[in-house]
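Keep the structure open as you read.

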Amino acid sequence: MITPSPAVRRTAAVGLALAACLGTTPAVTAAAAPAASKSAAGLDRYYDQRPGWGSCVKAPGDTMGRDLDKAGVQCADVVVPLDYAAPRGRTITVAISRLKATDTRHRIGSILLNNGGPGGPAVQSPPEFHTWMKKAGPRYDVVGFDPRFVGRSTPLDCGWPVGTNLFSAGLGRAGFERQVALQKDLADKCRATNASVLPHITTRNTARDMDVIRGVLGEKKISYFGYSYGTYLGTVYTQMFPGRVDRMVLDGAIDPREFGPRLLRETVGENEQALADWATWAAARHGTYGLGRTRGEVLATVDRVIKASARGPLTVGGAPESYQLDDTLVPFILLAGIDSDTDASRAALGEQVSVLNKAAAGQPTRLSPQLAATLRLALTGEQSRSGSVQSAVICGDRAAPRDPEIYWRDIERSRAAYPRFGALTNNIGPCAFWDRPREEPTQVKEDAKVLIVSATGDPRTPHKGAVALHGLLPSSKLITVEGANRHAIYGIYENACVDNQVNQYLATGKLPAGDKVCRK
């Protein structure tokens, strides 16, 4: 799983009924956008549609829509084919939003935003992103979009009892066997409820949707900013539509050769290191969290909690909300808490591990709002839509090994070197039980002048992936943030060095003369 930016995690996706949105889609109006490059045969009606810009409010209680309206954002739906090989067939909608340029004399064009995931919405993002862009912001139409089957676009919901498939295999074979059964059940639920659309939920089709959006906006070329998974999506777009990119920033970049169901295996070392660095931080605050006075003592506490959860589920919380946590879930909580090295993020994890430590000792505990939200994600169907579409994209892009024993062998081999996360990053997932993808993964053969941003300690998309992508795109430039255990930098991490370099590029279109290094 590639997590979206914190800005995305603060915003709940709008729930829509799958049948309602798939059953009927708005008609495509034939009003040409003259600046758009003409599309492939059979797709003109999609490229030539003109969006009906209007209010972003979808329902009386739509606070996000009201906030967007107040910020001057307009929203619309773009109609795209479910299957680009059959453009006269079934259609779906992709939700877009736009904060128009105010410096029209110096307007550069449109910049399209993607917040990662896969499955992260971005309709809500233009106001915040516009602020981060500073002087460059007024020169762009800042455009957010919810990729196909995400957020306000035509939705997907497999009816999962959980909101993620990201669990550990636990400390023994019994936990792994339970995971095999769970992951197969998740795949079966998607096949039973959405078999007709699953083959079309892919990164390549999302890139095709992006190009339709480009045409609909009337742009010959489009600029793009992608976080995390959004860097892979951006890379794919450069390969499928070379020559249609103006300026592109890829923050938290992925090696496109590694993207797929087993991508997390590439992150295990960085996650173990990020947890160890957090342990050093927590040890200096033993009086607050009571987890140990040294890094080693804090990690020993973490290990005791995991072992206790393997002997019997830990009870956390109380009426009206309590949960039972075993050794397949505790590592997920740890992983979720180490995506940033800010004091606020580390304090939140400190509070959560303190709760788990008390639960392991049989003491009553109280859930913090953040821990409660994490557990609702993992243990209820509240975020079934999010988990469903994330898995659909990953499984739809690249096939996974089918034999459970392959995963078990990898788990066992990883335990000594990676005792907390080896059994999670190597665990089996629903892709092992998914139908094979219809298209081969995208190969990077075209160079592209893009700006790549990466932190050396990124625990979600490791720095080595950014270095690899930089090598595949010789004309790119790489900004490296040294010493930061942080996923997604621009605007969020408040690193002036990065923000200034990115904004200079967006304003001028000129990449830095060479690669840059920024300090934490």
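The sulfur atoms of Cys497 and Cys518 sit 1.9 Å apart, and a disulfide here is a pair of cysteine sulfur atoms within 2.5 Å. Cys497 lies in helix α19 (residues 496-508) and Cys518 in strand β11 (residues 516-519), so the bond ties together parts 21 residues apart in sequence. Helices (H or I, at least four residues) and strands (E, at least two) are DSSP runs, numbered from the N terminus. Cys497 is partly exposed, at 30% relative accessible area. Cys518 is buried, at 1%. Buried means under 20% relative accessible area, exposed over 50%, and partly exposed in between (1.4 Å probe, protein chains only).

This is a predicted model: local features need pLDDT of at least 70, side-chain atom pairs count only at pLDDT 80 or more, and totals for chains, interfaces and linings use all residues. Residues are numbered from 1 along each chain as its sequence is written, and side-chain values use heavy atoms, with hydrogens and water left out.

Now take Cys56 and Cys75. Their sulfur atoms are 2.0 Å apart. The S-S torsion is about 95 degrees, so this disulfide is right-handed. Cys56 sits in the loop between α3 (44-47) and α4 (63-70), and Cys75 in strand β1 (residues 74-81). Both Cys56 and Cys75 are buried.

Cys395 and Cys431 also form a disulfide. Their link is left-handed, at -85 degrees. Cys395 belongs to helix α15 (residues 384-397), and Cys431 to the loop between α17 (422-425) and β9 (451-455).

In total there are four disulfides. Numbered in sequence order, the bonded cysteines pair 1-2, 3-4, 5-6, 7-8.
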